[in-house]
Amino acid sequence: MQPSVRLLAPGFFKRSLDEFKRFAKLDPETITICKTMSDADMGGFSKVALDQVAASTSEPAHIRFHGNISIDLPPNRPHIQRSGYAAWRNKDRGPTLFGKSLWDVDPYRFLALRVKSDGRKYFVNVQTESIVHTDIHQHRLYSRRPGEWETVILKWSDFVRTNHGEVVEPQSEMMTQKVRTLGIGLTDRVPGPFDLCVANMWTTNRLQDGDTHRKES
């Protein structure tokens, strides 16, 4: 993830941000530290893949999140009443000499993503070192130009706390100084193919949409 330009003092914050940047470059190394998930993990029939696509004359290098959603329920598992989802995120990271591997993005107000969407209902998912380990903060990844590259900027404070797909009340502020995982999911339960390309992500304090690979300030 490419941060906005900022002079960093040595210490935890710089180490955390450097790790964040390495993850969010979305290069072939990023793929190796990510995992995909779908209802197939519980016997469902959705298909999901996360691929690295090299740069071409018409497109930047990017990762491609794609597959096929099925809402068919697994046989002989009556306790499963819903199906039809797919997602990806970074894998859980082990501890370091400095403690737990967490990302600190608290100095920044926004998360920006350079994407090409098929227009389906994707969500950006963030897990933090919160009291409830299964909480996920989510924000809709709105696409204004499906089928075209565009920059989508999300405000960290607008993410909504959820648990197992349901909004949790009362809401609490996301711990942006202790981010564990970042990823994208599709939960619209609409059968059929899906395809989302992500070229880059970065944190910023500048609310701006643009047509370049990165917009920073």
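**Aromatic pairs and their setting**

Guide: Buried residues account for 44% of the 217 residues in this protein. Keep in mind that the model is predicted. The protein has two helices and twelve strands.

Now the rings. Searching the whole structure turns up five aromatic pairs. One of them joins phenylalanine 65 and tyrosine 122. Their ring centres are 6.2 Å apart, with 65° between the planes. Edge-to-face requires planes over 60 degrees apart, and this pair is edge-to-face. Phenylalanine 65 belongs to strand S3 (residues 62-69), and tyrosine 122 belongs to strand S6 (residues 122-128). The pair therefore ties together parts that lie 57 residues apart in sequence.

Are these two residues buried or exposed? Buried means under 20% relative accessible area. Phenylalanine 65 has 1%, so phenylalanine 65 is buried. Tyrosine 122 has 0%, so tyrosine 122 is buried as well.

Phenylalanine 65 has another partner, phenylalanine 194. Here the centres are 5.0 Å apart and the planes meet at 55°, so the pair is tilted. This pair links distant parts of the chain. Phenylalanine 65 is in strand S3, while phenylalanine 194 is in strand S12 (residues 192-204), 129 residues apart. Both phenylalanine 65 and phenylalanine 194 are buried. Elsewhere, Phe20, Phe23 and Trp103 form one aromatic cluster.

Next, the sheet that holds S3 and S12. Its five strands run in the order S2-S3-S12-S5-S8. The sheet is open, and the pairing is antiparallel. Strand S2 (47-53) and strand S8 (149-155) are the edge strands, each pairing on one side only. From one strand to the next, the twist averages 30°. Strand S5 (residues 110-117) pairs with S8 in the antiparallel sense over seven bridges. Within that pairing, valine 115 has glutamate 150 in S8 as its bridge partner.

S6, the strand of tyrosine 122, belongs to an open sheet of seven strands. The order there is S1-S4-S11-S6-S7-S9-S10, again with antiparallel pairing. S1 and strand S10 (166-167) are the edges, and each pairs on one side only. S4 and S11 pair in the antiparallel sense over four bridges. Tryptophan 88 stands opposite isoleucine 184 in S11.

That brings us to the largest pocket. The space in the largest pocket comes to about 1,200 Å³. It is lined by 40 residues. Those closest to the pocket centre are Tyr85, Ile136, His164, Gly165 and Thr187. Several strands each supply at least two lining residues: strand S1 (34-38), strand S4 (86-90), S6, strand S7 (135-140) and strand S11 (179-186). S11 gives the most, with five residues. By class, the lining divides into twelve nonpolar, 19 polar and nine charged residues.

To put the view together: S6 carries tyrosine 122, which pairs with phenylalanine 65 in S3. S6 also contributes at least two residues to the lining of the largest pocket. Phenylalanine 65 pairs with phenylalanine 194 too, and phenylalanine 194 lies in S12. S3 and S12 are neighbours in the order of the five-strand sheet, while S6 sits between S11 and S7 in the order of the seven-strand sheet.

Methods: Residues are numbered from 1 along each chain as its sequence is written. This is a predicted model: local features need pLDDT of at least 70, side-chain atom pairs count only at pLDDT 80 or more; totals for chains, interfaces and linings use all residues. Side-chain values use heavy atoms; hydrogens and water are left out. Two strands pair if DSSP finds at least two bridges between them. Axes are lines fitted to C-alpha atoms, for helices over the stretch in contact, and angles run from 0 to 180 degrees between N-to-C directions. Rings of Phe, Tyr and Trp (its six-membered ring) pair if their centres lie within 6.5 Å; planes under 30 degrees apart count as stacked, over 60 as edge-to-face and the rest as tilted. Buried means under 20% relative accessible area, exposed over 50%, partly exposed in between (1.4 Å probe, protein chains only). On a 1 Å grid over the protein atoms alone, a cavity is a set of points where a 1.4 Å probe fits but cannot get out, and a pocket is an open set with protein on both sides within 12 Å along at least five of seven lines; lining residues have an atom within 4 Å of a point. Grid points are joined across faces, edges and corners, and a volume is the space filled by probe spheres set on the points. Ala, Val, Leu, Ile, Met, Phe, Trp, Tyr, Cys and Pro count as nonpolar, Asp, Glu, Lys and Arg as charged, and the others, Gly among them, as polar.
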